[in-house]
Amino acid sequence: MELHQLTKHCYWSDPVSYGDRPSLGLIAGVEATLAVDTGNGPGHGLWLLREAERLGLPPVRWAALTHWHWDHIMGGRAMQEAGVSLICTRGTGEQLRVLSEYQWTHEAIARRVEEGLEIPFCQKGIREEYPDEPRALDPPLPDLEIEGPVTIDLEGVTVRLLPQPSDHSPDGLLIHCPEDKVVFSGDSLSPNMYVAPWHYTRELFLPFLDALRGLEADWYFHSHMEKPLTGEEFHRFFQDQRRLSWAAGEDMTMGAPLARLAERLGREPDEEEKKGLSFHVNGNLMRGRLGVAGRSWP
């Protein structure tokens, strides 16, 4: 795991799939630095602070949470104890207060999975990263919750905090560095994983994509991708997802959407395209079951 400099002010760390350790970010100004997410535990969060110091960056004064999932927030309390103020959306704050009441033993996590309050994917990551008990997991409580856009001046560079719901997490926060044309989007490009089957809904996903495109960035970060997307790569992703959403239509099975997609492409869809299409068809299925777009938390 290393910290890489992408632009004059923006840095990012390698994600690690084992233990579900996401990429973290730093945006450094003249007087202060803002961290993007706090990692999947105190060791991860404190590592980021040490890396910032090693690089001679200004002190990390704030950490902004992209959403509430465990792998992005569990380093928050250790960072707060080191003098960092934690910022998140109101929805993330609500979920942090719920998580603060949880126990993190094997038995307690397994019970939440059985009750539908947790998913096996997260259970697996926690057991890989923290195989032994007791676990050093202590969800933080935020220092500041926001409901609308906020701009932070780091002296020499600004950071825009933009609440933006998505299927993956309706409490999501986009973190935009306009001078460097960089956007940190957390996991928001991913489907809803908390309500099976995994899915995108046009009510959340398409407006989210439009909001991202409207920022006209050169770089887009997804926390579990090996590298950030270039503006051109994001544009292709945007077009692909729009096409898949169109092909899905209102159908709740794959037959007609696959035929529409094949006609549009002029060939049979490959496996990756079929998988992507299934997320959109599943979104129609969830709309039929729930009457609304599925939430991303229990």
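**Exercise 1. Are Tyr-200 and Phe-279 buried or exposed?**

Solution. Start with the cut-offs: buried is under 20% relative accessible area, exposed is over 50%, and partly exposed is in between, with a 1.4 Å probe and protein chains only. Tyr-200 comes out as buried, and Phe-279 does too.

A quick note before going on: this is a predicted model, where local features need pLDDT of at least 70, side-chain atom pairs count only at pLDDT 80 or more, and totals for chains, interfaces and linings use all residues. Residues are numbered from 1 along each chain as its sequence is written, and side-chain values use heavy atoms, with hydrogens and water left out.

**Exercise 2. Work out how many aromatic pairs the structure holds, and why the pair of Tyr-200 and Phe-279 is edge-to-face.**

Solution. Step one is the rule: rings of Phe, Tyr and Trp (its six-membered ring) pair if their centres lie within 6.5 Å; planes under 30 degrees apart are stacked, over 60 edge-to-face, and the rest tilted. Step two is the count, which is 9 aromatic pairs. Step three is the geometry: the ring centres of Tyr-200 and Phe-279 are 5.8 Å apart and the planes stand at 90°, so this pair is edge-to-face.

Now place the two in the chain. Helices (H or I, at least four residues) and strands (E, at least two) are DSSP runs, numbered from the N terminus. Tyr-200 is in the loop between strand E11 (182-184) and helix H7 (202-214), while Phe-279 is in helix H10 (residues 271-290). They are 79 residues apart, and the pair links distant parts of the chain.

Elsewhere, Trp-12, Phe-184 and Phe-221 make up one aromatic cluster.

**Exercise 3. Find which ring Arg-264 sits over, and which one Arg-112 lies over.**

Solution. A charge sits over a ring if NZ of Lys or CZ of Arg is within 6 Å of the ring centre and within 35 degrees of the ring normal. For Arg-264, the charged end is over the ring of Trp-246, 4.0 Å from its centre. For Arg-112, look at Trp-104: the arginine lies over its face, at 4.6 Å from the ring centre.

**Exercise 4. Check the span of helix H1, then find what its buried residues pack against.**

Solution. The expected span is 1.5 Å times one less than the number of residues. Helix H1 (residues 42-54) has 13 residues and reaches 18 Å from first C-alpha to last, close to the 18 Å expected. Its buried residues include Trp-47, Leu-48 and Leu-49. Taking contact as heavy atoms within 4.5 Å, the buried residues of H1 pack against several elements, among them strand E1 (3-5), strand E5 (60-64) and helix H3 (76-81). After H1 comes Gly-56, with a positive phi near 75°.

**Exercise 5. Decide why Leu-204 counts as buried.**

Solution. Leu-204 is part of helix H7. Its relative accessibility is 18%, so Leu-204 counts as buried. Pro-170 is 34 residues from Leu-204 in sequence, yet their C-alpha atoms are 8.3 Å apart.

**Exercise 6. Say how confident the predictor is, and where pLDDT stays under 50.**

Solution. pLDDT is the predictor's confidence in each residue, from 0 to 100. The protein has a mean of 95, and 96% of its residues reach 70 or more. Residues 292-298 stay under 50.
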